[in-house]
Amino acid sequence: MTFSDYRVAVVTGATSGVGRGAIDLFLSKGLTVHAIARDESRLAALAEKGVITHAVDVRDTDALTRALDGVEADIVLNSAGVSRAGNLLSSTAEDLDDLVEVNLTAVMQILRLLYPGMVERDRGHVLNISSIAGHYNFFGHTGYHATKAAVHQLSRQLRNDALGKRVRV
């Protein structure tokens, strides 16, 4: 499928990095873009470009549900993410909760909301930003490694869930 087959993209982590760069690409291809991020001032700059903005913390499932109600996404880019230095010997409960909630739970909740429609419409692309840290171990960032490995496996499983459909992950 090509961009011309798609109408709507949803991007998390929309105000910086991969998410921000993808928005320009999606806009250049004529897609309607829904941008999800916490920083309202940066979102305002995207709104000036015609982006539909949602000032939402991806850890807030209720707010995500309200923001995405009725959105029929053709592309979902999950690029919001956090990292914390250290391993389990030095991590706090808050560090680990933050890593799991942003890097994994939010991805699954967003896909719970949008992926069934993609499968039903028989079209779409899911792009989950993982990391080489999800495949290889190196010192530090233990929680980050674990969440990114989970995102990798989630992505593999989503392919099974839509077998025979024109939804790519």
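Trainee: At what relative accessibility does Arg 84 count as partly exposed?
Mentor: The model is predicted, so local features need pLDDT of at least 70 and side-chain atom pairs count only at pLDDT 80 or more, while totals for chains, interfaces and linings use all residues. Residues are numbered from 1 along each chain as its sequence is written, and side-chain values use heavy atoms, with hydrogens and water left out. Buried means under 20% relative accessible area, exposed over 50%, and partly exposed in between (1.4 Å probe, protein chains only). Arg 84 falls in the middle class, at 27%.

Trainee: Which residue forms a salt bridge with Arg 84 at 2.1 Å between the closest N and O atoms?
Mentor: A salt bridge requires a side-chain nitrogen of Lys or Arg within 4 Å of a carboxyl oxygen of Asp or Glu. At 2.1 Å between the closest N and O atoms, Arg 84 meets this criterion with Asp 98. The two residues are 14 apart in sequence, Arg 84 in the loop between β4 and α4 and its partner in helix α4, so the bridge ties these parts together. The partner is Asp 98.

Trainee: How many residues apart in sequence are the parts tied together by Arg 84 and Asp 95?
Mentor: The side chains of Arg 84 and Asp 95 form a salt bridge of 3.5 Å, N to O. Arg 84 belongs to the loop between β4 (75–78) and α4, whereas Asp 95 belongs to helix α4, so the separation in sequence is 11 residues.

Trainee: Which parts of the chain does the pair Arg 59 and Asp 98 tie together?
Mentor: The side chains of Arg 59 and Asp 98 meet in a salt bridge of 2.5 Å, N to O. Arg 59 lies 39 residues from Asp 98 in sequence, so the pair links the loop between β3 (52–55) and α3 (61–68) with helix α4 (residues 93–121).

Trainee: Which residues are linked in a network of salt bridges?
Mentor: The structure holds 9 salt bridges in total. The network links Asp 57, Arg 59, Arg 84, Asp 95 and Asp 98.

Trainee: Which side chain makes a polar contact of 2.7 Å with Asp 74?
Mentor: Asp 74, in the loop between α3 and β4, is buried at 0% relative accessible area. Its contacts (heavy atoms within 4.5 Å), not counting residues up to four places away, include Tyr 6, Met 118 and Arg 121. A polar contact is a pair of N or O atoms within 3.5 Å; within protein, one must be able to donate a hydrogen and the other to accept it, and residues adjacent in sequence count only if both atoms are side-chain atoms. The side chain joined to Asp 74 at 2.7 Å is that of Arg 123.

Trainee: What is the radius of gyration of the protein chain?
Mentor: The chain has 5 helices and 6 strands, taken as DSSP runs numbered from the N terminus (H or I, at least four residues; E, at least two). The radius is taken over C-alpha atoms, and the globule rule is 2.2 Å times the number of residues to the power 0.38. For 169 residues the rule gives 15 Å, close to the chain's value, so the chain is as compact as a globular protein of that length, with a radius of gyration of 16 Å.
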